[in-house]
Amino acid sequence: MTREDDEPLVDELLASLRAGADFRDAKVRRLRAAIRASAYENHLKLEIACDRLIAELLELERSAQAPRKRGG
């Protein structure tokens, strides 16, 4: 995909913004609908969240076990 391929979309989005469109409102409505339909959360999101949690816990464990430097 080239920059020229994106120009029509960019022009459309800029025109919408200049006209006062609120993209957040549309996003909130989409997310609320997905949550109501039980389609927002899925196995991939859960797996990513678990991987991040494990990585953070491992980092905390490593930093707790690291030898502390004595200031002086």
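## Reading charges and helices in a predicted model

Reader: Thanks! How should I read "partly exposed", and which other residue counts as partly exposed at 41%?

Author: The label covers the range between buried, under 20%, and exposed, over 50%. With its 41% relative accessibility, Asp22 falls in that range and counts as partly exposed. Arg24, at 64%, counts as exposed.

Reader: What share of the 72 residues in the chain is buried?

Author: Buried residues come to 0% of the 72. The accessible surface is about 7300 Å², and carbon and sulfur atoms account for 56% of that.

Reader: Now the charges. How many salt bridges does the structure hold?

Author: A salt bridge needs a side-chain nitrogen of Lys or Arg within 4 Å of a carboxyl oxygen of Asp or Glu. The structure holds three of them. In one, Asp22 meets Arg24, with 3.4 Å from N to O. Our opening residue, Asp25, takes part in another: its partner is Arg29, and the closest N and O atoms are 3.3 Å apart. Glu59 and Arg62 also form a salt bridge, again at 3.3 Å, N to O.

Reader: Why are Arg29 and Asp25 separated by about one helical turn?

Author: Because they are four residues apart in helix α2, which covers residues 23-36. Now look at Glu59 and Arg62: these two sit in helix α3 (residues 43-65), three residues apart, or about one turn of the helix. Glu59 is partly exposed, at 43% relative accessibility.

Reader: Where does a patch of negative charge gather, and which residues are in it?

Author: A patch takes residues that have over 30% relative accessible area and no salt bridge. Here Glu4, Asp5, Asp6, Glu7 and Asp11 gather on the surface. Asp5 belongs to helix α1, residues 3-18, and is partly exposed with a relative accessible area of 46%.

Reader: And how many positive and negative side chains does the whole chain have?

Author: There are 14 positive and 14 negative side chains, and the centres of the two sets lie 9 Å apart.

Reader: Last one: how many helices and strands make up the secondary structure?

Author: Three helices and zero strands. The chain is more spread out than a compact globule, because its radius of gyration is 22 Å, well over the 11 Å that the globule rule gives for 72 residues. Its C-alpha trace spans about 60 × 40 × 25 Å along the principal axes.

Key:
Residues are numbered from 1 along each chain as its sequence is written. This is a predicted model: local features need pLDDT of at least 70, side-chain atom pairs count only at pLDDT 80 or more; totals for chains, interfaces and linings use all residues. Side-chain values use heavy atoms; hydrogens and water are left out. Patches are made of residues with over 30% relative accessible area and no salt bridge: like charges are joined within 9 Å, nonpolar side chains (Val, Leu, Ile, Met, Phe, Trp, Tyr) within 5 Å. Accessible areas come from the Shrake-Rupley method with a 1.4 Å probe; for residues, only the protein chains shown count as cover. Lys and Arg count as positive and Asp and Glu as negative; His and the chain ends are not counted. The place of a charge is taken as NZ of Lys, CZ of Arg, CG of Asp or CD of Glu. Buried means under 20% relative accessible area, exposed over 50%, partly exposed in between (1.4 Å probe, protein chains only). The radius of gyration is taken over C-alpha atoms; the globule rule is 2.2 Å times the number of residues to the power 0.38.
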